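This briefing is for a reader meeting the structure for the first time. Please look over the sequence and the model, then read the notes by topic.

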Amino acid sequence: MGKTWTGKLALLTVLLTMLVAVSCAKKDVEIDPTADAAAQQAVTDTTAEDAAAADEAARIAEEELMKKEAEARAEALSVFENTNIAFNYDSSAIQDSEIANLEAKAEWLKENPGVRITIEGHCDDRGTTDYNLALGDRRAARVKAFLESLGIDADRMVTVSYGEERPLDPAANEAAWAKNRRAQFVIR
Amino acid sequence: MHTTLRMIARLTLLLSLLLLITLPAQAEERVQLRITNPFENKTPVAIPAFKVSGASAEETELAKQAVSLLQETLAFTGYFRMVNPEAFLEDPSKTGITEQDIHFNRWRSSGAELLVTGSLTVSGQAIIGDFYLYDIFRQKSLFGVRFRGAGAPETNLRPLILKLADKIMVTYSGKHGYFGSRIAFVSTGKTGTKEIWASAFDGHNPVQISRNKAISLTPSWSPDGSKITYTSYVKNKPDIYLQGSWPGARRDLVTSKGTTNITPTWLPDGKNMAASLTIDGDQAIYLLTEKGKIRKRLTRKWSKWGIDLSPVFSPSGDRMAFVSKRSGTPQIYVKHLKSGRIERLTFDGRYNTSPAWSPTGDQIAYAGFKEGHFDIHVIDARGGRPMQLTRNTGDNETPSWSPDGSLIVFSSNRRGSSSIYVMNAYGTDQRKLVSLPGEQTAPVWSPNLTQ
C-alpha cells in the first residue's frame, strides 16, 4: 500500500519535472540552454534516485512485514498442533488448567476457518486395553464438545480414540503417564 | 541398662505383633487351597514306551513322540502327574501290552495308580494305534481301543494321541477334555503391529490369523469356533470385524458406525452379537447382527460421558456381565436380560474389568487392580467374596476359561514383556503357554471343536 502511494508520487514528480524541464528548455534556449538543461537533468536525476531509494526501502519493509506475519502464523500453527490437552487418571473431565489452552485452540480455529481437524484421545497404559479405548473416546469427545461450546462448528472436527496404543513416552513413571493422558490435535 | 532392656522389650513386642498379623492370613490361604482345590492331589499315571510293529528308526521315533505328547497332554489338564520311568519295573513294549501281560503289583510299586500301554503300526498312509488303560489298584483294564489315522504319520500322530487323551479323560472324569480347542490372542510377533493369532489349546503351532497391518485387539470366538470377531484400526479408527479362524480367511466389517466400536462378542445362540459402540454420544452396549444392524440398546444412557463395555454372556444366555463406570470407577455388573434388573458384582478394589463367564460353573473371572497391579480374581456370578488367583507377579489380565471350566488362560508380564499364561481354576500350576517373539495379550479360549 505504501509502495503504491510513494511510487505514484515519485512518478508524478518525475513527470511534472520532465514537463517543466521540457517547457523550460524550449523557452530559455537563448539565455543559457545548457546550464538550465543540466540543472534540470540534475534535479530529474536526484528525484529519480530518491524515488528509487524510497521504492526499495518500501519493498524491504513490506518483505520484513510479510516474513514476520508468516513466522507468527507458523508459530501459531505449531502451538496449535503441539499443545496437548492433559487429563487426570481415569477421567475425561476438562480440567480448569486446560481451559486456557482450549480457548487458544478455538481462537486459532476461528482465524483459520478452512481448517478441519482430528482430535485424538489417548490414555496412559495403567488400565486395561479395552477400557482405555473407551476412555480415550470420552476424552476426545469432551474436548470436541468444549470447542463446540466456544463456537467451533462440529463439522470441522472428527474424534478418534487410540486408547493406550500410542503413548508419547513408554516409561513407567508419573511424568510419562501424565504426558500420555492427552487429547492431541491433528490437522486433516 | 534399663533403656536397653526397654528397647529389647519394645522390639520383641513389635516383632510379635508383626508375626501375629501375617501368620493367620497365610494359614487361611493354605487351608482354603487344601479343602477346595482338586488339582492339589494329582493322580499318578505311568506311560511306558509304546510297542512298535516294525524296527525302523522312524517308527521308534514316532512312538517316542506319541508317549511324550500323551504325557504332556495329561499333565496339562492338572489332574495327573507322570510317574518317573526310572521307577518302572516292567517294559510292556517288550513283555506285552494286554491285560494278561501286566503284572499289577510291579506297577503298584512304582507308585502309579493308572497305567497306559500302547502299540503303534506305521505305514506311509496311516497310523494304527492299540491302546489300553489300566486301574492298578483294582487290577483291571478300563478300556482297550484301536484308533486309526489315515494320511502321513507326522500330521496324524497328534490328532490320534489327543483322541486317546480325550478317551482317558472321559473314563477318568466322565467329561470330555478340550484337546480340540484353540486359544486366540493378540501378538506383536514378527511384524511389530498387533495382529490376531491362534494356537492349539497347549500353545502348539501358533499362527497369524489376521493380516490387517493395523492395530487389532480384543478377539472373541463364535460359539461354533469357526469365526473370530475383533476390533481393528483398518480404517484408522477402532471398528469391529469378523473373520474365519484360520490364516488367510476373509475379513468382513461388522460395524464402523460409532467413533469407537469395541469389545465384540457373540451371544450363545451364535447368531447375534453384542458390542460397545459410541452411536448415541455415550459408550454403550448394543445387541446387533453380524452385519452390523442394531437390534437393541442393552445399557441405558446414565451419563453423556458414560462408559459401558466388555459384554459377556452366561452359557444359557439369560444374563450379561459387563464393565461400567456408573458408580464412578470401572466395576463389573450383571444384567438379567429378561427382567432388565442390573446388579453390581464387584465391590472390592477401585478398578475391576475383563469379565469372563465360566462355561460350566456360575463363576466369573476378572482382572482387578489392587496394590499397584492387576490380578486375576474369580467370583460367584450371583455375588459374594472374590478369590484372588494371582499375586505379586506383575500385571495379570484378560482371563478366559477352558471349555470345561477347569483352566484359565490369561496374559502376564511377570517376566518383563507380556505373555500368555495358563493356570487351573484355583490359581495353582501357573505357567507360560505360548512362546513367541514380541508381546502377547488378550487370550480367549475357543469351544472344544470336534476332533
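This is a predicted model: local features need pLDDT of at least 70, side-chain atom pairs count only at pLDDT 80 or more; totals for chains, interfaces and linings use all residues.

What covers the buried residues of H5(B)? The cover includes helix H2 (57–76), strand E4 (114–122), strand E5 (126–135) and strand E6 (140–150) of chain B.

- Chain A holds five helices and four strands, and their order along the sequence is α-α-β-α-β-α-β-α-β.
- Of the 188 residues in chain A, 24% are buried.
- Chain B has five helices and 30 strands.
- Of the 451 residues in chain B, 43% are buried.
- Along the principal axes, the C-alpha atoms of chain B fill a box of roughly 85 × 75 × 45 Å.
- For contacts between residues at least 6 apart in sequence, the share that joins residues at least 24 apart is 72% in chain A and 44% in chain B.

**Where the chains touch**

- Chain B gives 26 residues to the contact, and chain A gives 17 residues.
- On the side of chain B that touches chain A, the elements giving two or more residues are strand E10 (216–221), strand E14 (261–266), strand E18 (308–313), strand E22 (352–357) and strand E30 (440–445) of chain B.
- By class, that side of chain B has 12 nonpolar, 12 polar and two charged residues.

**Domains of chain B**

- Chain B is split into domain 1 (43–173) and domain 2 (182–445).
- The contact between them takes four residues from domain 1 of chain B and five residues from domain 2 of chain B.
- The side of domain 1 of chain B that touches domain 2 of chain B has one nonpolar, three polar and no charged residues.
- Between the C-alpha centres of domain 1 of chain B and domain 2 of chain B there are 38 Å.

**Helix H5 of chain B**

- Helix H5 of chain B covers residues 153–173, and at 1.5 Å a residue its 21 residues should span 30 Å.
- The buried residues of H5(B) are Pro153(B), Asn156(B), Leu157(B), Leu160(B), Ile161(B), Leu162(B), Leu164(B), Ala165(B), Ile168(B) and Met169(B).
- An α-helix has 3.6 residues a turn, so residues three or four places apart point the same way.
- Just after H5(B) comes Gly174(B), with a positive phi of about 85 degrees.

**Nonpolar cores**

- The largest nonpolar core has 111 residues, and those that touch the most other members are Val45(B), Ala66(B), Leu70(B), Ala165(B), Ala321(B), Ile408(B) and Val409(B).
- H5(B) supplies the largest share of this core, eight residues.
- A second, separate core has 11 residues, among them Phe80(A), Ile85(A), Ile117(A) and Ile119(A).
- Leaving aside residues up to four places away in sequence, Val45(B) touches Leu74(B), Phe80(B), Met82(B), Val83(B), Ala112(B), Leu114(B) and Val116(B).

**Thr121 of chain B**

- Thr121(B) sits in strand E4 of chain B.
- Thr121(B) counts as partly exposed because it has 16 C-beta neighbours inside 10 Å, whereas a buried residue needs 20 or more.
- Apart from residues up to four places away in sequence, Thr121(B) touches Ser53(B) and Ile128(B).
- Thr121(B) and Gln139(B) are 18 residues apart in sequence, and their C-alpha atoms are 27 Å apart in space.

- Most residues other than glycine have a negative phi.
- Lys213(B) is not a glycine, yet its phi is positive at about 50 degrees.
- The place of Lys213(B) is the loop between strand E9 (207–208) and E10 of chain B.
- Lys213(B) counts as exposed because it has 12 C-beta neighbours inside 10 Å, and the cut-off for an exposed residue is 12 or fewer.
- Asn392(B) also is not a glycine and has a positive phi, of about 55 degrees.
- Asn392(B) lies in the loop between strand E25 (387–388) and strand E26 (396–401) of chain B.
- With 8 other C-beta atoms within 10 Å, Asn392(B) is exposed.

Conventions. Residues are numbered from 1 along each chain as its sequence is written. Chains are lettered from A and ligands numbered from 1 in the order in which they are written. The expected span of a helix is 1.5 Å times one less than its number of residues. Two residues are in contact if their C-beta atoms, placed from the backbone, lie within 7 Å. Domain bounds come from an automatic or database domain assignment. Ala, Val, Leu, Ile, Met, Phe, Trp, Tyr, Cys and Pro count as nonpolar, Asp, Glu, Lys and Arg as charged, and the others, Gly among them, as polar. A nonpolar core is a set of buried Ala, Val, Leu, Ile, Met, Phe, Trp, Tyr and Cys residues joined through C-beta atoms within 7 Å.
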